[in-house]
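Here is a short report for a reader who is meeting this structure for the first time. Please look over the sequence and the model before reading on.

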Amino acid sequence: MKISADRLLLFGATGDLARRMLLPSLCALDADGLLSENLRIIGTARSEMTDQEFRQLAREALETFLPAERRGGMANFLNRLSYQALDATTLEGFDALAEKVGPSTSADADGGLAIFLSTAPSLFGPTIAGLQHAGLTGDHVRIGLEKPLGTDLESSCAINDAVAEAFSEDRIFRIDHYLGKETVQNLLALRFANILFEPIWNSNYIEHVQITVAETVGLESRVAYYDDSGALRDMVQNHMLQLLALVAMEPPTSFDATAVRDEKVKVLRALRKVEAGETVTGQYRAGAIGGQAVPGYDDELGKDSDTETFVAIKAHVDNWRWKGVPFYLRTGKRLPERVTEIVVKFRCVPHSIFDATGSGLNPNQLLIGIQPEENITLSLMAKVPGLGTDGVRLREVPLEITMPDAFVGQHRRIAYERLLLDLIDADQTLFVRRDEVEAQWQWVDAIRAAWEAAGTKPKTYTAGSWGPSAAIALAERDGVSWHE
């Protein structure tokens, strides 16, 4: 039986993720009346800090990162907070943490404890051991794991094995914050709540799919992590493959954790092994973003590096629905725009009755914008109004749903709001299962092995451009142009 948590334990509570995302998300949930009255939130990190000092840190974070209209009842939220310093490498500190967490105050004697674990991968093992030592891994304790969960399949399995020693799979919540975004969830609604798309959602009608995750930023505060990771591990292995799975999955029997994740993992296991020639890697050099000069990757890093900051991949899902349909994936740093989008390009009509009029027909296209704008646009061909002797003239016009306009008065929520609420309520639907993670790593590890075998090195591209020219050629060989 699922039991809603009455205590939430945040590891890394003084870090950047907590200040920017977690604390603002929890405060917004509280303001909307979505947190139970008896929920207590305990923060822990290395820093020595009193409860009052932690509340002051939280107040400053909320005033910086949460819009003023969403801070209603902030005083009530801050009163929920308490803090316990912890050195996760020593077991002794966990006894004090357990005392701070305390027993459940729920009417259910067992209560429920939700743990959000955002630490360096090297601390996963010691942290799990400490939680076991302190008795914080019981049947009604669940744990949310923030990435990175390893750097390859082997290290990911080691982390998952350590967590599995203390928590059963139904109590492990692996977080991919993209799954908390409204438009990503809307992809499921678009596909499975509307009859018109499913009959044509296959290789008979769809020519190709593009998924782009573009960033304008460089390394910022992620220097050490990113140089060990690169674009393939940082973005493709998790976010982009999850988006691909949602686009390509079969209809689940219901909207619950098991049914949805069963269908996603089938897609991930059907991914064809990618050859080195079906990928392009790049690394940005000095250029300009938004009219401002920015340094190259090596300049930011302070040393020479072969880490890729851009990757483009031509992928295939080898099953009946998608056989022969290429999925073009592209992600990179220091690109011209910050944008995450999915483009579904449909095939041309089999025969045009308008050829004699000189009106060219563009294939229909479905654009799903995830960030920064949340919108859905379907491009259709329509007749240009007017009379004339030259027959019917056609033009492409968009049917567009802009989410803020369609749902006036609804807050634009932080992705972590949904994920934290589901962690508290023990709903795993928007979290990643272990077999998904392992299928993703198997595919990504094979790409890295192909790069190493071929001696592939990143091609340079100028900051502010859309990556190496070879990425354009990767698509244009098939007569495809990237959507920009």
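What does the accessible surface of the protein chain come to, and what percentage of it belongs to carbon and sulfur atoms? The surface is about 21,200 Å², and 51% of it belongs to carbon and sulfur atoms. Accessible areas come from the Shrake-Rupley method with a 1.4 Å probe, and for residues only the protein chains shown count as cover.

This is a predicted model, in which local features need pLDDT of at least 70, side-chain atom pairs count only at pLDDT 80 or more, and totals for chains, interfaces and linings use all residues. Residues are numbered from 1 along each chain as its sequence is written, and side-chain values use heavy atoms, with hydrogens and water left out.

**The whole chain**

The protein chain holds 14 helices and 17 strands. Helices (H or I, at least four residues) and strands (E, at least two) are DSSP runs, numbered from the N terminus. The radius of gyration is 24 Å, close to the 23 Å of the globule rule for 484 residues, so the chain is as compact as a globular protein of that length. That radius is taken over C-alpha atoms, and the rule is 2.2 Å times the number of residues to the power 0.38. Along its principal axes, the C-alpha trace spans about 85 × 50 × 45 Å. Buried residues make up 53% of the 484. Buried means under 20% relative accessible area, exposed over 50%, and partly exposed in between (1.4 Å probe, protein chains only).

**The sheet**

Nine strands form an open sheet with mixed pairing, in the order E16-E15-E14-E13-E7-E12-E11-E8-E17. Its edge strands are E16 (394–402) and E17 (459–462), each pairing on one side only. Two strands pair if DSSP finds at least two bridges between them.

| Strands | Direction | Bridges |
|---|---|---|
| E7 (residues 206–214) and E12 | parallel | six bridges |
| E11 (residues 310–316) and E12 | antiparallel | seven bridges |
| E8 (residues 279–285) and E11 | antiparallel | four bridges |

Gln 210 stands opposite Tyr 328 in E12. Ala 315 has Phe 327 of E12 as its bridge partner. Val 280 is partnered by Ala 312 in E11.

Is strand E12 enclosed or open? Seven of the seven residues of E12 (residues 326–332) are buried, so the strand is largely enclosed by the rest of the structure. Pro 326, Tyr 328, Arg 330 and Gly 332 point one way, while Phe 327, Leu 329 and Thr 331 point the other way.

**Helix H13**

Helix H13 (residues 434–454) has 21 residues, and at 1.5 Å a residue they should span 30 Å; the end C-alpha atoms are 30 Å apart, which agrees. The expected span is 1.5 Å times one less than the number of residues. Its buried residues include Trp 441, Trp 443 and Trp 451. Gly 455 follows H13, with a positive phi near 65°.

**Pro 103**

Pro 103 sits in the loop between helix H4 (92–101) and strand E4 (113–117). Is Pro 103 buried or exposed? At 66% relative accessibility, Pro 103 counts as exposed. Not counting residues up to four places away in sequence, Pro 103 touches Arg 7 and Arg 40. Contact means heavy atoms within 4.5 Å. The C-alpha atoms of Pro 103 and Asp 6 are separated by 9.8 Å, although the two residues are 97 residues apart along the chain.
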